[in-house]
Amino acid sequence: MQSQTMAAEKLSPAAPPADAAIAIDDVTLRFVTPDGHMMTAIRDFTMTVARGEFACVVGPTGCGKSTTLNLVTGLLRPTTGNVRVMGNPVTDISRDIGFVFQADALFPWRSVLDNVAAGPLFRGTPKKEAYEKARDWIGRVGLSRFEKHYPHQLSGGMRKRAALAQTFINQPKILLMDEPFSALDMQTRTAMQDELLDLWSGLKSSVVFVTHDLEEAVALADKVYVLTAGPGTVKSVYHIDLPRPRVMSDIRYDPKFIEIAKVIWNDLREEVQLGQSRGLQASH
Amino acid sequence: MTAISPTDQAAARATSIVAAEAQARARLRKRHALVIGLRLAILVVFLGLWELCADYNIIDPFFFSSPSGIWEQIWSWITEGTSQGPLWLQIYVTLEETFLGFAIGAVGGIVAGIILGRNKLLADVFSIYIKIANSVPRVVLGSVFIIALGLGMASKVALAVVMVFFVVFANAFQGVREADRAMIANAQILGASPFQITRSVIIPSAMSWILASLHVSFGFALVGAVVGEFLGAKQGMGLLISTAQGAFNANGVFAAMIILAVMALVVEFIITRFENYVVKWRPAPFNEQGT
Ligand SMILES: Nc1ncnc2c1ncn2[C@@H]1O[C@H](COP(=O)(O)OP(=O)(O)O)[C@@H](O)[C@H]1O
Ligand SMILES: [Mg+2]
């Protein structure tokens with residue numbers, strides 16, 4: 001069989017099993033635009049993330065990647081279909097979830113220490129314990145010397161480290177990331193990807209990582225979801241069979257990696273082109 | 001042959017950097033002195049010209065006063081007191097009204113701004129009434145307050161409150177609306193309750209808007225108090241002005257004006273210090289670095 005020799009095994013989407021960490025089952029979501037029209041953001045969307053699995057989602061801009069993540073957090077509700085997290089229907093913002101944003105979501109008026117301690121403090125951990133925990137996590141991301149600094153005094157990479165510590169301190173069972181590293185330069189991004197895999201291997205959370213960078217997706221993921229141009233639905237799912245632990249700076253030159261990236265790119269290219277031509281039409 | 005060791009080179013470079021830094025600092029100091037000197041020069045020239053014009057009757061000192069006349073008036077108020085009692089008492093009364101009005105108006109404006117900024121329905125319902133109330137010329141309310149609340153302190157405080165409230169309210173409301181949505185979502189997912197979000201995200205991010213309005217509105221509170229006194233009072237700087245006006249005493253009007261300006265500047269300075277303390281997390285704006 002061909003899929004045996006190829007590292008990227010194309011899977012057929014199936015109804016999610018009951019014990020999945022995240023199960024999005026045949027979801028359609030429509031927004032009501034300010035002028036009163038309905039606009040479909042995603043349709044007939046099915047996705048499963050097993051416990052401890054690292055899933056990446058790639059797709060053209062505006063296809064509904066951020067919307068998908070917001071369905072898992074509970075900030076958005078599906079129009080039809082249902083979303084379950086750790087087997088339970090999503091009703092409220094779950095304590096099991098951590099979210100790393102694309103833009104800086106650190107609080108600029110709080111020092112690194114106060115930013116990282118925010119989660120436990122919000123959740124009612126006693127002050128002393130929260131700060132001890134925060135110092136520990138700041139150490140793990142290598143920012144100990146900067147705990148008194150304010151975000152504007154840090155570089156972009158350091159701010160991202162602080163954001164990772166802020167999210168990981170809650171030890172989320174579900175980790176959602178929305179293009180978290182897209183604003184970083186190449187070297188910093190590679191370093192942050194290594195950092196992320198390192199933290200993740202310690203926590204064993206289930207991850208949904210959204211990116212528009214296919215190589216990033218292949219390098220990080222166990223499973224890559226390719227979405228169609230908006231309204232988005234799952235076009236295909238690939239199982240990435242690269243051994244772990246992975247080293248980001250080397251994996252790019254791995255022939256197996258290159259082969260997988262090529263196969264998925266062939267799939268994704270059409271959608272990107274479609275998305276772009278639609279974008280051009282819309283702007284005329 | 002003499003070899004230059006790398007350590008010698010490094011040492012030489014270090015001394016030259018130190019020298020360059022000292023030079024740059026000296027240049028900055030010189031510029032600072034120049035700015036201060038020019039400011040003083042302009043003040044001296046302005047006062048000098050005014051005095052000369054008054055002396056030679058180019059402008060009539062009866063209407064436009066003169067620096068020496070103003071100074072004599074202030075000095076006599078300080079040493080002999082005013083017709084309504086000691087000068088300090090007048091300043092104290094006006095400041096008390098101003099501060100009370102400022103505090104009540106600011107707190108009310110902040111609270112109302114945050115509540116309406118956080119609640120879309122309330123904002124949509126009340127926005128029309130706030131617009132209407134805001135378009136009433138507020139100084140006119142002074143007469144209403146004097147009729148309703150009498151010649152005492154209450155009417156001045158009330159006028160100062162309405163002067164301050166709308167400015168602070170508008171800014172607090174805007175600040176709440178501008179709060180970054182990603183930051184709010186971040187706090188929510190980290191586990192913050194709605195109250196915690198208001199306290200640790202909404203209020204700090206609206207803070208620079210609120211502080212900006214406090215700067216402006218303290219001046220408004222002072223105007224409110226003085227106008228209130230002007231319309232009818234037993235004490236205060238506004239009464240002092242209106243008495244001087246009644247006696248065609250230009251010196252008195254100018255002198256009171258200058259005392260009010262000094263009061264406003266002192267408080268402005270204190271508010272700026274407070275602001276710098278509260279928002280010390282903010283990067284220094286470029287034009288303030290190096291002074
Ligand atoms: N709150 C909203 N109201 C109306 N339309 C929205 C809203 N959020 C997103 N959309 C639309 O839904 C589509 C998907 O958006 P999004 O999930 O942000 O895309 P992506 O993250 O893949 O770039 C886009 O066309 C966007 O304009
Ligand atoms: Mg997005």
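Helix H5 of chain A gives the most to the lining of the largest cavity, with 4 residues. Helices (H or I, at least four residues) and strands (E, at least two) are DSSP runs, numbered from the N terminus. This is a predicted model, in which local features need pLDDT of at least 70, side-chain atom pairs count only at pLDDT 80 or more, and totals for chains, interfaces and linings use all residues. Residues are numbered from 1 along each chain as its sequence is written.

On a 1 Å grid over the protein atoms alone, a cavity is a set of points where a 1.4 Å probe fits but cannot get out, and a pocket is an open set with protein on both sides within 12 Å along at least five of seven lines; lining residues have an atom within 4 Å of a point. A volume is the space filled by probe spheres set on the points, with grid points joined across faces, edges and corners.

The structure holds 1 cavity of 30 Å³ or more. Strand E7 (97-100) and helix H5 (156-168) of chain A each supply at least two residues of the lining of the largest cavity. B:Asn186 is also among its lining residues.

| Space | Volume |
|---|---|
| Largest pocket | about 510 Å³ |
| Largest cavity | about 70 Å³ |

The largest pocket is lined by 20 residues, and A:Leu75, A:Ile93, B:Ile184, B:Ala185 and B:Gln188 lie nearest its centre. Helix H8 (181-190) of chain B gives the most to the lining of the largest pocket, with 6 residues.

Methods:
Chains lettered and ligands numbered in written order. Heavy atoms only, no water.
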